[in-house]
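Subject: Structure handover

Hello,

Here is the structure for you to look through. Please open it first, then read my notes beside it.

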Amino acid sequence: MSEVRIKAEARTEFGKGAARRIRRDHQVPAVLYGHGLAPRHISLPGHELMLALKTANVLLTLGFADGSEELALPKDIQRDPVRGVLEHVDLLMVRRGEKVKVDVPLHVVGHAAPDTIVVSELTTLEVLAEATNIPAFFEVNIEGRPAGSQILAKEIELPTGVELVTDAEHLVVNVTLPQSEAALEAELADAEAELGIERDEPEPEAVSVTVETADAAEEAAPAESAE
């Protein structure tokens, strides 16, 4: 697992205005909590924190001005919805040797049988792991899997000491055949019916009918030659 040392500063100003001032100084407001202690409001260097958070479940060693240190895991990350910059981070205080619940990414590797479709039903697996030894990811091998194959959470190989929290029977990966156009149409119709959506009936095609009267028929008939 990745461990990053980062400088932390205690902060005494709170509220939206204070948060904006902190971000203008290229810092990110954060809250450190855990172990039944009162939450600590801190600020962290924005660029260093952004780089650290590119690794899932990164372990942060927070160094304070008084020489003290705290270990923490990111639990909630808030970003600007447009620019994507960090706005606020919640950090969970941890200790070496203790176990924590975390979501670990799943990486699908290999190629299923030809002409199949691989559907990932889960992208992470929740596990109980030692705070200082959290796996970076778990591999899901689908090499050669035929259509109809299903991989459940309990089939994912976990390192020693890591316990599965996700439901063991939860579907992780499903290998199927492509749906036919008729099946897709039927599925769409069922979904629309559940939502109460009614399709407009197609209008009948206009049919042109010509009715000839007896007089018109006589006029249209070729004139007989006079004997």
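Two strands count as paired if DSSP finds at least two bridges between them. Strands themselves are DSSP runs of E, at least two residues long, numbered from the N terminus. Keep both in mind for the pair β8 and β10. Strand β8 covers residues 99-109, and it pairs with β10 in the antiparallel sense over 7 bridges. Look at lysine 101: its bridge partner in β10 is leucine 128.

One caution: this is a predicted model.

**Overview**

The protein has 227 residues, and 31% of them count as buried. Its secondary structure comes to 4 helices and 14 strands. Now take the contacts between residues at least 6 apart in sequence. Of these, 61% join residues at least 24 apart.

**The sheet with β8 and β10**

What is the strand order in the open sheet of 4 strands? The order is β11-β8-β10-β13, and the pairing is mixed. β11 (138-141) and β13 (163-164) stand at the edges. Each has a single partner strand, so one side of each is left without a neighbour in the sheet.

Strands of a sheet pair through backbone hydrogen bonds, either parallel or antiparallel.

**The sheet with β9, β14 and β12**

Another open sheet has 3 strands, in the order β9-β14-β12. Its pairing is antiparallel. Why is one side of β9 and of β12 left without a neighbour in the sheet? β9 (117-120) and β12 (150-152) stand at the edges with a single partner strand each, so each has one side left without a neighbour. From one strand to the next, the twist averages 10°.

Valine 118 has valine 175 in β14 as its bridge partner.

Asparagine 174 is also in strand β14. Is asparagine 174 buried or exposed? Its relative accessibility is 14%, so asparagine 174 counts as buried; the cut-off for buried is under 20%. The side chain of asparagine 174 makes a polar contact with the side chain of glutamine 150, at 3.5 Å. Leave out residues up to four places away in sequence, and asparagine 174 touches Ile117, Val118, Val119, Glu121, Ser149 and Gln150.

Find leucine 122. This residue is in the loop between β9 and β10 (124-130). Leucine 122 is buried, with a relative accessible area of 18%. Which residues does leucine 122 touch, not counting those up to four places away in sequence? They are Leu106, Thr166, His170, Leu171 and Val172.

Now check one distance. Leucine 122 and alanine 153 are 31 residues apart in sequence. In space they are 9.0 Å apart, C-alpha to C-alpha.

**Two hairpins around β6**

Leucine 60 stands opposite alanine 72 in β6. This hairpin has 5 residues between the strands, and glycine 67 takes a positive phi near 95°.

β6 also pairs with β7 (residues 86-94). The two run antiparallel, joined by 8 bridges. In β7, leucine 86 is the bridge partner of arginine 79. The hairpin of β6 and β7 has 6 residues between its strands. Its turn holds glycine 84, with a positive phi of about 80°.

Where is aspartate 80? Aspartate 80 lies in the loop between β6 and β7. Its relative accessible area is 14%, and aspartate 80 is buried. The side chain of aspartate 80 reaches the backbone nitrogen of valine 82 at 2.8 Å. Neighbours within four places in sequence aside, aspartate 80 is in contact with Val85 and Glu87.

**Rings**

How many aromatic pairs are there? The count comes to 0, taking rings of Phe, Tyr and Trp as paired if their centres lie within 6.5 Å. A ring does meet a charge, though. The charged end of arginine 40 sits over the ring of phenylalanine 64, 4.4 Å from its centre.

Then follow the notes in order.

Best wishes

Methods: Residues are numbered from 1 along each chain as its sequence is written. This is a predicted model: local features need pLDDT of at least 70, side-chain atom pairs count only at pLDDT 80 or more; totals for chains, interfaces and linings use all residues. Side-chain values use heavy atoms; hydrogens and water are left out. Axes are lines fitted to C-alpha atoms, for helices over the stretch in contact, and angles run from 0 to 180 degrees between N-to-C directions. Rings of Phe, Tyr and Trp (its six-membered ring) pair if their centres lie within 6.5 Å; planes under 30 degrees apart count as stacked, over 60 as edge-to-face and the rest as tilted. A charge sits over a ring if NZ of Lys or CZ of Arg is within 6 Å of the ring centre and within 35 degrees of the ring normal. Buried means under 20% relative accessible area, exposed over 50%, partly exposed in between (1.4 Å probe, protein chains only). Contact means heavy atoms within 4.5 Å. A polar contact is a pair of N or O atoms within 3.5 Å; within protein, one must be able to donate a hydrogen and the other to accept it, and residues adjacent in sequence count only if both atoms are side-chain atoms.
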